[in-house]
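Dear colleague,

Please find below the structure I promised to hand over, with its sequence.

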Amino acid sequence: GVQTCALPICHIARFIPGEPTVVIQNMPGAASLTMTNNLYNVAPRDGLTIGAPARGLLIEPLFGNDNARYDGRKFTWIGSINREVATCLSWGTTAFKRIEDAQRAEMNLGATGTVSPSHLFPQIMNATIGTKFKIFPGYPDSGAVGIAMERGELDGYCSFSWGSLKSARKDWLDGKRINLMAQLSIATTPELPDVPSIMTYAKDDATRQTFELIFADQEMARPVGGPPDMPADRLAALRAAFMATMKDKAFLADAEKTGVDVDPIDGPAVAAILERLYRTPPAIVEAVKKVRGE
């Protein structure tokens with residue numbers, strides 16, 4: 001049977017003509033890179049195989065990652081469950097309330113690994129707007145970073161999404177235990193009118209383009225797509241079924257249980273975001289590669 005989960009793949013069949021059977025196949029490896037390569041290069045292009053790649057992997061070919069054997073623009077995009085807004089936050093008892101505070105003094109941040117957004121985001125800010133984040137990678141997950149902040153071992157964390165804060169860290173918000181220093185995204189959420197966008201700190205075109213490359217993929221936070229060149233009629237059916245799923249009570253109930261906000265965009269919107277990212281000037285890509293240590 002269909003497993004209970006917030007992914008639309010688990011619900012979408014009810015909205016496809018004929019209600020086909022859905023077989024869920026987990027394909028672990030390299031943070032979904034194995035699955036993404038398989039979807040692009042191996043999966044049949046008949047409209048019967050779809051997947052949910054990690055959004056951050058879709059621009060890896062821009063950075064010359066030889067293990068990313070695909071072009072993110074050429075997948076057949078069906079839609080994205082939501083848009084996300086990452087935040088840069090500090091523990092409430094620290095002296096760091098705004099980004100300007102981190103430009104004046106060294107701020108200790110936790111990160112979940114050297115290739116994670118929690119490591120890359122502050123690296124990029126250090127390189128472009130002069131923040132003085134000192135990054136400590138190696139925490140197993142954001143929960144471990146949270147414990148370290150509560151113990152006073154760290155000052156903050158720069159990649160916790162607003163949706164995750166609302167669902168997993170509601171006590172932090174209700175108790176005003178953290179400071180939200182910035183929204184690390186291109187499009188901000190109206191739920192945080194007093195928290196500035198990181199884009200307001202970009203004082204030149206190069207910095208704005210760098211921030212676009214790093215933060216814009218949150219507009220397609222949980223993309224769903226298929227291999228290139230899927231048949232047009234089946235793509236149309238899948239896109240219609242996806243958007244119908246986004247309004248389905250059973251799907252919305254599962255999404256709520258797992259703390260996933262549902263704010264969908266359609267397939268053409270996902271494709272447009274990737275087209276924009278792949279047009280990033282080569283000089284900007286090279287600068288980001290250096291920040292990443294490549």
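About 890 Å³ of space lies in the second largest pocket of this predicted model, where a pocket is found on a 1 Å grid over the protein atoms alone as an open set of points where a 1.4 Å probe fits, with protein on both sides within 12 Å along at least five of seven lines, and where lining residues have an atom within 4 Å of a point. The grid points are joined across faces, edges and corners, and a volume is the space filled by probe spheres set on the points. The second largest pocket is lined by 32 residues, and those closest to its centre are Ile9, Val23, Thr49, Ile50 and Gly51. Helices H1 and H8 each give at least two residues to this lining, helices here being DSSP runs of H or I with at least four residues and strands being runs of E with at least two, numbered from the N terminus. By class, the lining of the second largest pocket has 22 nonpolar, nine polar and one charged residues, with Ala, Val, Leu, Ile, Met, Phe, Trp, Tyr, Cys and Pro counted as nonpolar, Asp, Glu, Lys and Arg as charged, and the others, Gly among them, as polar.

The largest pocket has a volume of about 1200 Å³, and its lining is made up of 18 nonpolar, 10 polar and seven charged residues.

As for charged pairs, the structure holds 21 salt bridges, each being a side-chain nitrogen of Lys or Arg within 4 Å of a carboxyl oxygen of Asp or Glu. One of them joins Arg45 to Asp229, with the closest N and O atoms 3.0 Å apart. Because Arg45 lies in the loop between helix H1 (33-41) and strand E1 (76-80), and Asp229 in the loop between strand E7 (223-226) and helix H8 (232-245), this pair ties together parts that are 184 residues apart in sequence. Arg208 and Asp205 form another salt bridge, at 2.6 Å between the closest N and O atoms, and these two residues, three apart in helix H7 (residues 205-215), are separated by about one helical turn. Arg55, Glu84, Asp217 and Arg222 are linked in a network of salt bridges.

Residues are numbered from 1 along each chain as its sequence is written. Local features need pLDDT of at least 70 and side-chain atom pairs count only at pLDDT 80 or more, while totals for chains, interfaces and linings use all residues, and side-chain values use heavy atoms, with hydrogens and water left out.

With best regards
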